[in-house]
Amino acid sequence: MTETRAGDVTTRTARVVMVALCVTALIVQGGLLQPKTWFWTGDMIYHHAVMAEIQAGELLPGGPYPGLPAFYSPLLHWMAAGVGLLARIELTEAMRAVSVVFAPLLPLGSYWVARSLGLARSASLVAAILATFAGGWKTTEDRVWVDSLFVGQHNFFPTFPRDIAFLLLPLGLVCVYRAVAQNWKPGAWLAGLAFALMVLAHTQTAVFAAPLLGLYLALLVAMRRELIWSAVHASVVPV
């Protein structure tokens, strides 16, 4: 993935474009320019309550009301509550900090996935740009996280649990691909980490990882029988 193909951009050019893209995502997608006066409305009322429970010492929080089970896995809530306690800032600012840090991860992850699949640097840059911004922006105060099917829209401040899961899913699948097809040693373990974090971030999305992984490995082994043991290893380790 290091050689420069004919007509492709250089490594230096790709790095400059990626730095500019990540900075843009950090400022725009991360919410530095978005005050969000409606912040603690809708789903965020629930998330705020769970974060407050964690800050009060309940590391495995229930729902926002006594006797109500938690609907979301607590990874995002742990991060926001932890940032708030460590930095001694309000949960609103803690969520902003998490969103700002998370925003550049989408273009970086998209570029790495594209390069891992064998795309040229120029094509990988296009993939990173589209994954980050192709969803369009909706900055009005009635915006909710279901307004767009594009991940880029979901990642607009504030970050939601499904944003984290949507980032981890392709990373985990590509780690499995590299472990099986390219004999990349850390691949299976990194895939296991990605899928485990998915469960902690958004269990509903993580449920889809298992059938996708099984289907991919079945098709791969059907086409290349010699990879069966690599496929078994790559599927056992994440479990």
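Reply: The following account begins with the model and the chain, and then turns to the pair and to two other sites.

This is a predicted model, in which local features need pLDDT of at least 70 and side-chain atom pairs count only at pLDDT 80 or more, while totals for chains, interfaces and linings use all residues. Residues are numbered from 1 along each chain as its sequence is written, and side-chain values use heavy atoms, with hydrogens and water left out.

The chain holds 12 helices and zero strands, where helices (H or I, at least four residues) and strands (E, at least two) are DSSP runs numbered from the N terminus. Of its 239 residues, 44% are buried; buried means under 20% relative accessible area, exposed over 50%, and partly exposed in between, with a 1.4 Å probe and protein chains only.

Two aromatic pairs are counted. Rings of Phe, Tyr and Trp (its six-membered ring) pair if their centres lie within 6.5 Å, and planes under 30 degrees apart count as stacked, over 60 as edge-to-face and the rest as tilted. The rings of Trp112 and Trp184 have centres 6.2 Å apart and planes at 50°, so this pair is tilted. Because Trp112 belongs to helix H5 (residues 105-116) and Trp184 to the loop between helix H8 (161-181) and helix H9 (187-201), the pair ties together parts that are 72 residues apart in sequence. Trp112 is partly exposed, at a relative accessible area of 25%, and Trp184 is partly exposed at 25% relative accessibility.

Trp184 also has a charged neighbour: Arg178 lies over the face of its ring, 4.2 Å from the ring centre. A charge sits over a ring if NZ of Lys or CZ of Arg is within 6 Å of the ring centre and within 35 degrees of the ring normal.

Another site is Thr205 in helix H10 (residues 203-206), which is buried at 6% relative accessibility. Leaving aside residues up to four places away in sequence, Thr205 touches Arg162, Ala165, Phe166 and Met198, contact meaning heavy atoms within 4.5 Å. Across the chain, 67% of the contacts between residues at least 6 apart in sequence join residues at least 24 apart.

Finally, Ile27 lies in helix H1 (residues 11-28) and counts as partly exposed at 32% relative accessibility.
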